[in-house]
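Hi everyone, thanks for coming.

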Amino acid sequence: MRPESMLREVKVEDAIGLMLAHDLTQIIPGKFKGRLFTKGHKIREEDIPALLSIGKEHIYVMDIQEGWLHEDDAAFRMARAASGANVELTSPHEGKITLKSTIHGLAKIHKPLVDAINSIDQLVMSTTKTNTVVKPGHPLTGTRVIPLLVEETSIRQMEQLANEASEPLVQVKPFHSLRVGLITTGSEVFKGRIQDKFGPIVREKVAALGSEVIEQRLAPDESDVIVREIRYFLEEQKADLILVTGGMSVDPDDRTPGAIRQAGARIVSYGTPMLPGSMLLVGYLDDVPIMGLPGCVMHDPYTSFDALLPRICAGEQIVRADITELGYGGLYGC
Ligand SMILES: Nc1nc2c(c(=O)[nH]1)N[C@H]1C(S)=C(S)[C@@H](COP(=O)(O)OP(=O)(O)OC[C@H]3O[C@@H](n4cnc5c(N)ncnc54)[C@H](O)[C@@H]3O)O[C@H]1N2
Ligand code: MOO
């Protein structure tokens with residue numbers, strides 16, 4: 001059956017509770033011309049005088065047949081099937097429902113599922129990018145169908161895809177409160193030749209995600225000292241994350257990657273296909289993440305550090321594939 005065949009002419013007095021089949025325009029010369037009622041509007045008793053005043057004694061209404069859904073109901077079923085933890089639904093507006101975050105956290109969007117749903121004709125699932133840091137109220141996903149009425153089979157197909165998926169289409173992971181150890185390398189800072197500029201910036205970036213730099217320690221460009229400081233944070237402070245700044249590139253005095261290795265870390269990657277932040281290192285000392293932060297983290301607002309830190313704060317384990325993926329779309333500057 002085609003949706004048009006669900007049209008029926010009724011007297012306005014008999015239309016209460018029925019659904020308007022198309023927009024109705026009101027024109028008051030010199031004052032107003034526009035939509036008085038929108039297609040799909042459910043007629044209420046108080047609408048009758050207004051309908052009569054624009055010359056409508058009869059109107060076309062739509063009967064929704066078995067197996068068809070109104071756009072609001074379809075959008076709601078899509079939204080409900082898509083939503084995971086820490087997500088809330090808005091009410092429908094012009095046939096669209098928005099899923100919003102209820103917390104400050106990391107948005108996780110299941111891209112293969114989004115693609116599978118968007119390949120179903122007439123269904124629209126529009127999302128933010130996965131791994132976006134979001135605050136309460138941040139829109140994550142908008143759902144709608146294109147026509148006013150849609151066959152329920154399309155929605156069932158979508159619901160089945162969502163049910164069978166390993167992860168919800170959209171969820172928000174909360175940030176853990178990590179105790180972060182910060183080691184700032186560089187003999188110029190250690191010996192007081194210049195003032196440290198890394199500390200305040202890293203503290204702020206860590207605090208913005210609900211974690212805390214518990215202590216910052218300075219080290220000269222000497223591997224043994226850097227290794228000692230790493231072990232201090234690991235063994236004495238029991239830090240949840242260790243950050244080592246500076247000394248990450250190619251000069252003879254760039255000791256940080258070597259020292260992180262010497263401390264016993266398993267290196268996930270030294271080198272990240274993102275600019276700025278290409279000289280970043282990510283590794284693990286047992287299960288404690290350790291990162292080597294290149295100089296750019298001090299002056300660039302968004303680097304590979306800013307892409308990965310929220311994921312670590314959300315409790316995710318970084319693997320080599322996560323690093324590889326940063327290259328596509330990862331040219332921010334430099
Ligand atoms: N020939 C190449 N040169 C550079 C490469 C490369 O691959 N080949 N990589 C570039 C990239 S990318 C970066 S980022 C930078 C810097 O990386 P580093 O982590 O090695 O940074 P440093 O050499 O330690 O310092 C650079 C600059 O920043 C000052 N600095 C360092 N720490 C602090 C601090 N805590 N407070 C204030 N200022 C600090 C330092 O004195 C230097 O002036 O390398 C590129 N070069
Ligand atoms: O590590 Mo560098 O950040 O690409 O500027």
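**Around the ligands**

Let me begin with ligand 1: by class, its shell holds eight nonpolar, eight polar and five charged residues. Here Ala, Val, Leu, Ile, Met, Phe, Trp, Tyr, Cys and Pro count as nonpolar, Asp, Glu, Lys and Arg as charged, and the others, Gly among them, as polar.

Before I go on, this is a predicted model: local features need pLDDT of at least 70, side-chain atom pairs count only at pLDDT 80 or more, and totals for chains, interfaces and linings use all residues. Residues are numbered from 1 along each chain as its sequence is written, while chains are lettered from A and ligands numbered from 1 in the order in which they are written.

Which residues come closest to ligand 1? Of the 21 that surround it, the closest are Phe198, Met248, Ser249, Pro294 and Gly295. A residue is near a molecule if its C-beta atom, placed from the backbone, lies within 6 Å of that molecule.

Ligand 2 has nine residues around it, and Pro276, Ser278, Met279, Pro294 and Cys296 come nearest. Its shell has six nonpolar, three polar and no charged residues.

**Domains**

Next, the overall layout. The protein is divided into domain 1 (3–62), domain 2 (68–173) and domain 3 (179–324), with bounds from an automatic or database domain assignment. The centres of domain 2 and domain 3, taken over C-alpha atoms, are separated by 37 Å. Six residues from domain 2 and five residues from domain 3 take part in their contact, where two residues count if their C-beta atoms, placed from the backbone, lie within 7 Å.

**A sheet and a helix**

Now find the open sheet of four strands, in the order 7-8-12-10, with antiparallel pairing. Strands pair if DSSP finds at least two bridges between them; strands (E, at least two residues) and helices (H or I, at least four) are DSSP runs, numbered from the N terminus. At the edges, strand 7 (87–89) and strand 10 (123–127) each pair on one side only. Strand 8 (residues 97–101) and strand 12 (residues 139–145) share four bridges, and Thr98 has Gly142 of strand 12 as its bridge partner.

Finally, is helix 10 (residues 304–313) mostly covered or mostly open? Mostly covered: eight of its 10 residues are buried, meaning 20 or more other C-beta atoms, placed from the backbone, lie within 10 Å of their own. Among them are Phe305, Leu308 and Ile312. After helix 10 comes Gly315, with a positive phi near 85°.

Notes
A residue is buried if 20 or more other C-beta atoms lie within 10 Å of its own, exposed if 12 or fewer, and partly exposed in between; C-beta atoms are placed from the backbone.
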